[in-house]
Amino acid sequence: MGELSQRQREILQAIIEDYISNAMPVGSRTISKNFALSSATIRNEMSDLEDLGYLEQPHTSAGRVPSEKAYRFYVDNLLKLSTLSLPEIEYIKTYYDKRIGQTGEVLTDAAKVISDLTQYVSIVTPPKTKNVNVSSIQLMPVNSMTAMVVLLTDTGMIQNTPITLPRSVSVDELNSMSQLLNRMFAGKSVDEIHPGAQYIVENEIADQKQIFDAICTVLCARLKQKQEKLVIEGASKMLSHQEFTDVNKARGFLQLLEENQKIGELVNNDENGISVRIGHETGLGDVSVVTATYSAHGKDLGKIGVIGPTRMQYDKVLSVLDQVGKTLSDIFTEPAGLKENDDE
């Protein structure tokens, strides 16, 4: 944006970063300590920045605070990612090493790590089934009337789902049905697993259609259930920020977090990679929402994100999301895959 001189850009950056750190309106004397300029010169520049819509002056203070426009300019033009410390990076990796192998636990851990490191509300969406393909399906015997359906996807996820069979089935029959299920679904999207699918069933095993329908019904319900789960952590952390010390504002925000569908729609936007929405861009008022995508084998799986005040430590948030996103992507790319929690 050519309307700001280099000096104005530097002064605006200093004001924003001071306000993010201290949550107090910033005066010219505070900023002049960082520049070889007089307080009068700083005041003139701040006045110009206010006229341009980058600064606002609270009625009770002589200092200025950044506007939404200022934060947008800061994120788009001035921000440099902070470098996470080695202990922070090790904390992220160690947290996952404890429970690798269970998708549900890994996503919950991701949300906790993000919230702990940023001190904001974190949100993690589960892996989407869209564009995820079936690698194999195996029916494992539990007893004559129960089998375990083991579904492996091309993103490395393993989902174990027990199923009650409509009749007694032998091990040989289970093996035969496993082969048929793989012929039907291997290489196809998991969204194509549904009751009433076009079966390739020979006459001699046509009586197995009832079992196939039962298997598809259970898998379909399980996949749909998994997609609906959204992990949200750190709601109480928002109460420590000055913007939410007002009881009514805090109550309204906490009620918003209970609207699972609305939060899910907010995070599951169409933007891939990093997305930063500020203030009115979120539709939620005086908050910012930052999201990032995690993937596996070149396929986007889900989103991780942070909700916090517009006075957000954007450099830290982006660095944390970048590192956690990479870690999640590595986990989901592991050849051994991840297991879904078994149904009780």
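Which backbone oxygen lies 2.6 Å from a polar atom of the side chain of Ser 122? The backbone oxygen of Ala 111 does; point 2 returns to this residue.

1. Basis. This is a predicted model, in which local features need pLDDT of at least 70 and side-chain atom pairs count only at pLDDT 80 or more, while totals for chains, interfaces and linings use all residues. Residues are numbered from 1 along each chain as its sequence is written, and side-chain values use heavy atoms, with hydrogens and water left out.

2. Ser 122. This residue is found in strand β3 (residues 121-124); helices (H or I, at least four residues) and strands (E, at least two) are DSSP runs, numbered from the N terminus. Ser 122 has a relative accessible area of 0% and is therefore buried. Buried means under 20% relative accessible area, exposed over 50%, and partly exposed in between, with a 1.4 Å probe and protein chains only. Leaving aside neighbours within four places in sequence, Ser 122 is in contact with Ala 111, Lys 112, Ile 114, Ser 115, Val 231, Ile 232, Glu 233, Gly 305 and Val 306. Contact means heavy atoms within 4.5 Å.

3. Nonpolar cores. The largest nonpolar core has 73 residues, and those touching the most other members are Leu 12, Phe 253, Ile 304, Ile 307, Tyr 314 and Val 324. Helix α11 (residues 314-333) supplies the largest share of this core, nine residues. A second, separate core of 20 residues includes Val 149, Met 184, Phe 185 and Cys 216. A nonpolar core here is a set of buried Ala, Val, Leu, Ile, Met, Phe, Trp, Tyr and Cys residues joined through side-chain atoms within 4.5 Å. In soluble globular proteins, nonpolar side chains tend to be buried together.

4. Ile 304. Not counting residues up to four places away in sequence, Ile 304 touches Ile 114, Ile 123, Val 124, Val 290, Thr 291, Ala 292, Tyr 294, Leu 321, Val 324, Gly 325 and Leu 328.

5. Leu 318. This residue lies in helix α11 and counts as buried because its relative accessibility is 10%. Leu 318 and Ser 82 are 236 residues apart in sequence, yet 8.2 Å apart in space, C-alpha to C-alpha. Leaving aside neighbours within four places in sequence, Leu 318 is in contact with Leu 79, Leu 81, Ile 274, Val 276 and Val 290.

6. Aromatic pairs. The structure holds two aromatic pairs. In one, the rings of Tyr 54 and Phe 73 have their centres 5.7 Å apart and their planes at 70 degrees, so the pair is edge-to-face. Tyr 54 is in the loop between α3 (39-51) and β1 (55-56), and Phe 73 is in helix α4 (residues 68-78), 19 residues apart. Both count as buried: Tyr 54 at 0% relative accessibility and Phe 73 at 2%. Tyr 71 and Tyr 314 form a tilted pair, at 6.0 Å centre to centre and 50 degrees between the planes. Tyr 71 lies in helix α4 and Tyr 314 in helix α11, so this pair ties together parts that are 243 residues apart in sequence. Tyr 71 is buried at 2% relative accessibility, as is Tyr 314 at 1%. Rings of Phe, Tyr and Trp (its six-membered ring) pair if their centres lie within 6.5 Å; planes under 30 degrees apart count as stacked, over 60 as edge-to-face and the rest as tilted.

7. Charge over a ring. Lys 69 lies over the face of Tyr 54, at 4.6 Å from the ring centre. The criterion is NZ of Lys or CZ of Arg within 6 Å of the ring centre and within 35 degrees of the ring normal.

8. Helix α1. Residues 6-22 form α1, which has 17 residues and reaches 24 Å from its first C-alpha to its last, close to the 24 Å expected at 1.5 Å a residue. The expected span is 1.5 Å times one less than the number of residues. Buried residues in α1 are Gln 8, Ile 11, Leu 12, Ala 14, Ile 15, Ile 16, Tyr 19 and Ile 20. What covers them includes α2 (28-32), α3, β1, β2 (65-66), α4 and α11.

9. Positive phi. Ala 23 is placed in the loop between α1 and α2 and is buried, with a relative accessible area of 9%. Phi of Gln 119 is near 65 degrees, also positive in a residue other than glycine. Gln 119 lies in the loop between α6 (103-118) and β3 and is partly exposed, at 35% relative accessible area.

Key. A polar contact is a pair of N or O atoms within 3.5 Å; within protein, one must be able to donate a hydrogen and the other to accept it, and residues adjacent in sequence count only if both atoms are side-chain atoms.
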